[in-house]
Amino acid sequence: MADNINNTGSGGGNAGLAFIVGGIVVVLAIVAYFVFARGGAPETRDVNVDVDLPEVSAPAVPAAN
C-alpha cells in the first residue's frame with residue numbers, strides 16, 4: 001500500500017531567504033561597479049609647484065666694544 005504523505009506548510013521560509021540573498025547580491029554588484037568603473041588604475045596628474053621666495057639676509061650683528 002502506498003503512503004500518502006502531505007507536507008503542507010513547509011518551505012515558506014525559503015522565499016524570505018532568497019529575497020535577502022538577492023538583495024545582498026544586488027548591493028555587492030553596485031559596490032563592485034563603483035570600485036571597478038574607472039578601470040582600476042587611478043589617473044596620473046602632472047603637479048608642478050614652483051616656490052620662489054625672496055632671499056632674506058640675517059640682521060647685522062652689533063660690533064663688540
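**View 1. Phe-34, an exposed aromatic residue.** Phe-34 has 61% relative accessibility and therefore counts as exposed; that label needs over 50% relative accessible area, buried means under 20%, and partly exposed lies in between (1.4 Å probe, protein chains only). This is a predicted model, in which local features need pLDDT of at least 70 and side-chain atom pairs count only at pLDDT 80 or more, while totals for chains, interfaces and linings use all residues. Residues are numbered from 1 along each chain as its sequence is written, and side-chain values use heavy atoms, leaving out hydrogens and water.

**View 2. Tyr-33 beside Phe-34.** The protein has one aromatic pair, where ring centres of Phe, Tyr or Trp (its six-membered ring) must lie within 6.5 Å; planes under 30 degrees apart are stacked, over 60 edge-to-face, and the rest tilted. The Tyr-33 and Phe-34 rings have centres 5.5 Å apart and planes at 70 degrees, so they are edge-to-face. Tyr-33 is exposed too, because its relative accessibility is 55%.

**View 3. Leu-28 on the helix.** Leu-28 sits in helix α1, residues 13–36 (helices are DSSP runs of H or I, at least four residues; strands are E, at least two; numbering starts from the N terminus). With 55% relative accessibility, Leu-28 counts as exposed. Overall, the protein has one helix and zero strands, and buried residues make up 0% of its 65 residues.
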